[in-house]
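This report describes a sheet, the nonpolar cores and a ligand site. Please read it alongside the sequence and the model.

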Amino acid sequence: MKTPICDFVNTYNNKSPIRLHMPGHKGKACLGTEGLDITEIMGADSLYEANGIIKQSEDNASSIFGSAATLYSTEGSSLCIRAMLELSRGYALSKGQKPFILAGRNAHKVFTLTAGLLDFDVEWLRSQKCSYLSCNITADDVEKKLCSLERKPTALYLTTPDYLGNIIDLKSISEVCAKYGVLLLVDNAHGAYLKFLSPSLHPIDLGADLCCDSAHKTLPALTGGAYLHISKNCESYFVQNAKEAMALFGSTSPSYLILQSLDKLNLYLSNGYKEKLSTFILRLNNLKSRLALKGFTLIGNEPLKLTISTKPFGYLGTDFAKLLENRNIICEFCDPDYITFMLTLENTKAEVEALEKALLSVPKKESICGFSPNAVVSKAATSIKKALFGPKEEIAVNLALGRILASANVGCPPAVPIISAGEIITEEAIKAFEYYGIKKVKVLVLKDK
Ligand SMILES: Cc1ncc(COP(=O)(O)O)c(C=O)c1O
């Protein structure tokens, strides 16, 4: 596997040219990485009109992921999510439809912000078992919802894996989408590595039309490195318009450090990564089994996440996180109920052993009763667009009853929103805010004020 971006930048840097172009650091030290931090100079291609080294590198990534096209993002999955929505908006218009999307309720706030910006009609999809922490949507949930809608949505938008490590059955959901002629868009920010399982659990292999992966979350890319993948099953419209959709939201100064990181990742992934991943997962599965035997309650089915429901063990997730922090072990996420660790192949055997030792050193205490509040269905009073872009004010949660939320969402970060933009704040929502320590909310200004 070739690394055209890295090769170009290294050759350029080794020539020690007089840099009379951006960036202003001129390749000279401050951090030490400036030499390799260039911009779109001659020969370096251009991210949103790629036809040189970036295009070659993206084609390498596309062949690894088995997509019709894979586009690099140096601004995370956030940028790819915006592009997915813009592509769906344009596609809907090309079919004479008003953009309408059915979205799993556990959508990241970038989804809601962009849906507002692009003025999508959004219908939220919850599962039977939707809580504030996970939203395990099934094919049955999707089919029932699609049957009940008067208007067919352009797309179904799902987030899987979720933050706590739950993966939903995309294969059967994609079959339902195909049956109803609805596009399937997947926020796979947490699942780039799923491509390398045997068999692959990557959304593109399971029937998604478009998906984003944060290469920086579960693969060793620099923060911000992400992919937008387009399936070979998609109409040509998507590949033809994808770069423009990315450019609509992206910076005109993409980071070449991140591009090099994505470029080098192709080499890394094609050099035995799959085999190493399978050994690593076996080690983690063994660790999970030992923890379960010691009385830990584990949740989720994502191989590289370890999530413990801490209350049965006698601790709040937040207190458990502090105990581990004292041992220099930093978790990805904690809240009153859970603690989540994200592991990758870059975590050494010694680090995994240190985690196990630390977990096993925590004495079991009497279980703490009480779980996170049940998710309630809130009613929309206005569109997401009107809520996000109307006049707003910030008020204390205890004064918010009956008011309309004017920010993307309020949630126990970063799982299922308690309430989303344009919805009315209910008594149950206020109780949930209090449970998660949320003290202030942004609401629309009252009309007669
Ligand atoms: C589920 C989910 N989707 C999307 C994003 C945004 O990804 P990125 O940080 O790569 O922009 C995040 C970020 O944490 C996320 O958790």
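The text below takes the sheet, then the cores, then the ligand.

The model is predicted: local features need pLDDT of at least 70, side-chain atom pairs count only at pLDDT 80 or more, and totals for chains, interfaces and linings use all residues. Residues are numbered from 1 along each chain as its sequence is written, and side-chain values use heavy atoms, without hydrogens and water.

Four strands form an open sheet in the order β8-β9-β11-β10, with antiparallel pairing. Strands are DSSP runs of E of at least two residues, helices are runs of H or I of at least four, and both are numbered from the N terminus; pairing requires at least two bridges found by DSSP. Three antiparallel bridges join β8 to β9 (residues 305-309), and L298 stands opposite I308 in β9.

The largest nonpolar core has 97 residues, and F111, Y157, Y227, F341 and L359 have the most contacts inside it. Such a core is a set of buried Ala, Val, Leu, Ile, Met, Phe, Trp, Tyr and Cys residues joined through side-chain atoms within 4.5 Å, where buried means under 20% relative accessible area (1.4 Å probe, protein chains only). Helix α3 (residues 76-94) supplies the largest share of this core, eight residues. Another core, of 49 residues, lies apart from it and includes F100 and V410.

| Residue | Distance |
|---|---|
| S78 | 2.5 Å |
| S214 | 2.7 Å |
| H216 | 2.7 Å |

Key: Buried < 20%, exposed > 50% of the residue type's maximum accessible area, 1.4 Å probe, protein only. Polar contact = N/O pair within 3.5 Å; in protein donor to acceptor, adjacent residues only side chain to side chain.
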